[in-house]
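Please read these notes beside the sequence and the model.

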Amino acid sequence: MRAAPGVIEVSGLRKVYRRRRGRPTVALDRLDLFVPAGGVFGFLGPNGSGKTTTIRCLLGLATWSSGSCRLLGADARAELPTVIRRVGSLVEAPALFPTFSGRRNLELLARLYGIGARTVDAGLDQVGLTERADDLVAGYSLGMRQRLGLAAALLKDPEVLILDEPANGLDPAGIKEIRQLLRRLGDEGRTVFVSSHQLGEIQQICDRVAILRRGRCVATGPVHEVLAAGGAAGLMVRVDDATAGLQALRDAGLRAEPAAEGLLRVERVPSAAHVTETLAAQRLWVTEMRPDERTLEDVFLELTGEAS
C-alpha cells in the first residue's frame, strides 16, 4: 500500500488518434505510471512509444480516450489550473520570440507569471546562458534554444519539472552541464520527470525509470532494480592465452567474443563454474572473472524489441 500519492499518477490511460483515412493509431494503450515525489525520474521509449503523448496529456495539451491522468493530485483534464503554477515544463521545441533577446523572452514570461526580474538572471545563470542573454534568439543554436526553454521552465521555481528531451541539440559539454543541473534539482527535493534518448545520461542521473513500448509500460522502478531484473549479460573472463581460451569456449558450445583489454565476453552462461571447468579442461587457468553488467541501454533495447 502506497504511503503517499504520487506526483504523477496515470491509470489505464488510452489515447487513440483518429484519421480521416486509414486505421486509427493507438498512441497509449492502457498505460499505468506512478511517479513518487522527489528525485529524477527517467521516461524512456523508442520513437512512437507514447512518451510525448503522455507528457502532453499531463500538461493539458492533449485529451485522452479513457483512463485517468493526475498531476500533483489534480485531474489533468479538469483541475490542471489549480496546480499548474507549481509545474515547469519543456515540451518539444520551446516557443520563443526569435526577434527578441533571450533575456527579453524570459522577462515577458516572468511578467506573465507575476514574477520579479531577479528570477530571470538566476535562470539564465543556471543554464549557462548569461553571456549570450542579450543576443537575439534568432541567432541561437538549437542547443541554446533548449537551454533557454529550460530556463523558462525554471522561472516559477517549480516543485515539478516535466522535460521532453532537454538535452536535444547540446554538445557533450552542454549535456554534462544539464545532467548536473537536473541531478542538483532532484537532490533539492523537486521531482524532475525527464524523457530522453540519452540512455547513458539517464542511467547516471535518474533514481527511477519507466520504459515504454507501444503505449504500455514494460518496466518501472528504481534504476538498480530495473537493471537487476535483466540479470547480467554474461561473464568477462581473462586467461593467459586469450586465443586458445576463445577457441575452447566456442568448442564447448558457448557464445564467446574477444573484448577490450584482452578479456573474453561469454554470453548466456549456465554458470561461472561451467566456464571455469571448460577452460581448465584445456589447461587454461582463469586469472580474472566478473559479471558483464548490463547497462540501461541493454535492458532498454531488449524490452522495447530494438535489439538486433
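1. Helices H2 and H3 pack with their axes 9 Å apart, at an angle of about 130°. Because of that angle H2 counts as oblique to H3; under 35 degrees would be roughly parallel, over 145 roughly antiparallel, 65 to 115 roughly perpendicular, and the rest is oblique. Axes are lines fitted to C-alpha atoms, for helices over the stretch in contact, with angles from 0 to 180 degrees between N-to-C directions. H2 passes H3 in a right-handed crossing, meaning that the near helix is turned clockwise from the far one by less than a right angle, anticlockwise being left-handed.

2. The model is predicted: local features need pLDDT of at least 70 and side-chain atom pairs count only at pLDDT 80 or more, while totals for chains, interfaces and linings use all residues. Residues are numbered from 1 along each chain as its sequence is written, and side-chain values use heavy atoms, with hydrogens and water left out. Helices (H or I, at least four residues) and strands (E, at least two) are DSSP runs numbered from the N terminus.

3. Which residues join H2 to H3? From H2 come Arg 103, Leu 106, Glu 107 and Ala 110, and they meet Val 120, Asp 121 and Leu 124 of H3. Sorted by class, this contact of H2 with H3 has four nonpolar, no polar and three charged residues. Here Ala, Val, Leu, Ile, Met, Phe, Trp, Tyr, Cys and Pro count as nonpolar, Asp, Glu, Lys and Arg as charged, and the others, Gly among them, as polar. Contact means heavy atoms within 4.5 Å.

4. H3 covers residues 118-126, and its buried residues are Val 120, Gly 123 and Leu 124. They lie on the same side of H3 because they cover an arc of only 100° around the axis, taken from the directions from the helix axis to the C-beta atoms. Buried means under 20% relative accessible area, exposed over 50% and partly exposed in between, with a 1.4 Å probe and protein chains only. Exposed Arg 118 and Asp 125 sit on the face of H3 turned away from its buried side. The cover over the buried residues of H3 includes H2 (102-113) and H4 (142-154). Just after H3, Gly 128 has a positive phi of about 75°.

5. The axes of H2 and H4 come within 10 Å and cross at roughly 25°. H2 is therefore roughly parallel to H4. The crossing of H2 past H4 is right-handed. Gly 102, Asn 105, Leu 106 and Leu 109 of H2 make the contact with Leu 148, Ala 151 and Ala 152 of H4. By class, the contact of H2 with H4 has five nonpolar, two polar and no charged residues.

6. Is Ser 195 buried or exposed? Ser 195 counts as buried because its relative accessibility is 0%. Ser 195 belongs to strand S8, residues 191-195. Apart from neighbours within four places in sequence, Ser 195 is in contact with Phe 43, Lys 51, Ile 55, Leu 163, Asp 164, Glu 165 and Pro 166.

7. In H10 (residues 296-303) the buried residues are Leu 296, Val 299 and Phe 300. Their arc around the axis is only 100°, so they are on the same side of H10. Gly 305 follows H10 and has a positive phi, near 75°.

8. Of the 308 residues of the protein, 45% count as buried. The protein has ten helices and 14 strands.
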